[in-house]
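Trainee: Please take one part of this model and go through it closely. I would like the packing, residue by residue.

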Amino acid sequence: MALPPIPSQSEIAASVYGTWRLLLGDKGGLSYFGAGEGAFWRSCWVLAAVLPLNLLIFLIQSAAVDAPLSFGQLVMVGLTVVIAWYGYALAAHYVLPSLDRSERYYDYMIPEFWSSLPTVVVQFVCIGLETADMLPGSLGKILTVGSFGAALWLRAQILRLSLDITYGAAVGLVIGSLVFNAVLAAILIPG
């Protein structure tokens, strides 16, 4: 099986703009993402960008608290990100039928994957500014917490808009995904 083609710059730009529109609650933002199986596999390329950023975030946070760090631990963090990425896609495949939304799998997963790119970039910048102590007072901490809150809001909006479900169901699914990621991290990342 050949790798899917790398997304074009215009596809990347459209997905970032679509993510912004979804964050604002605009269902029209969904039209900025591709559709179908091919677009799904192209959206998987986003992992190639967010994986190094997640590793850098881990390194920055470990250095900020003088935590001991090993190459093996860094590998496990990377492996956890990859397993969480594809594990979440697999979990969604099995959860969506219980919501009677199995036919909307690609409608949901494509913007979910693409939205990771601007989300992780913003979180990386906020965490970098916070740990570098480049902002006055607790502004860095406020920005970091705000970026995490915005990411959760975005995930709920993507669920709600792409699956046509209620806010309550969307929030429940976001909480479920947080638990999924926390359990994976607790199992795979030592210490």
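Mentor: Start with a term. A residue is buried under 20% relative accessible area, exposed over 50%, and partly exposed in between (1.4 Å probe, protein chains only). This is a predicted model, where local features need pLDDT of at least 70, side-chain atom pairs count only at pLDDT 80 or more, and totals for chains, interfaces and linings use all residues. Residues are numbered from 1 along each chain as its sequence is written, and side-chain values use heavy atoms, with hydrogens and water left out.

Take helix α6, residues 139-163. Helices here are DSSP runs (H or I, at least four residues), numbered from the N terminus. T144 sits in α6. Its relative accessibility is 16%, so T144 counts as buried. Contact means heavy atoms within 4.5 Å. Leaving out residues up to four places away in sequence, T144 touches C126, I127 and E130. D133 is exposed, at 62% relative accessibility. Its phi is positive, about 55 degrees, although D133 is not a glycine. Most residues other than glycine have a negative phi.

Further along α6 is R155. R155 is also buried, at 16% relative accessibility. Beyond its neighbours within four places, R155 contacts Y88, E112, V174, S177 and N181. Another, Y88, is a buried residue of α4. R155 also comes within 9.1 Å of L22, C-alpha to C-alpha, across 133 residues of sequence.

Now α7, residues 167-188. Its 22 residues reach 31 Å from first C-alpha to last, close to the 32 Å expected at 1.5 Å a residue. The expected span is 1.5 Å times one less than the number of residues. An α-helix has 3.6 residues a turn, so residues three or four places apart point the same way.

In the loop from α4 to α5 is D100. D100 is exposed, with a relative accessible area of 60%.

Finally, return to L22, which belongs to α1. E11, I12, S15, V16, T19 and L22 in α1 meet P111, W114, S115, L117 and P118 in α5. The two helices pack at about 95 degrees, with axes 9 Å apart. Axes are lines fitted to C-alpha atoms, for helices over the stretch in contact, and angles run from 0 to 180 degrees between N-to-C directions. So α1 is roughly perpendicular to α5, a label that covers 65 to 115 degrees.

Definitions and conventions
Angles under 35 degrees count as roughly parallel, over 145 as roughly antiparallel, 65 to 115 as roughly perpendicular and the rest as oblique.
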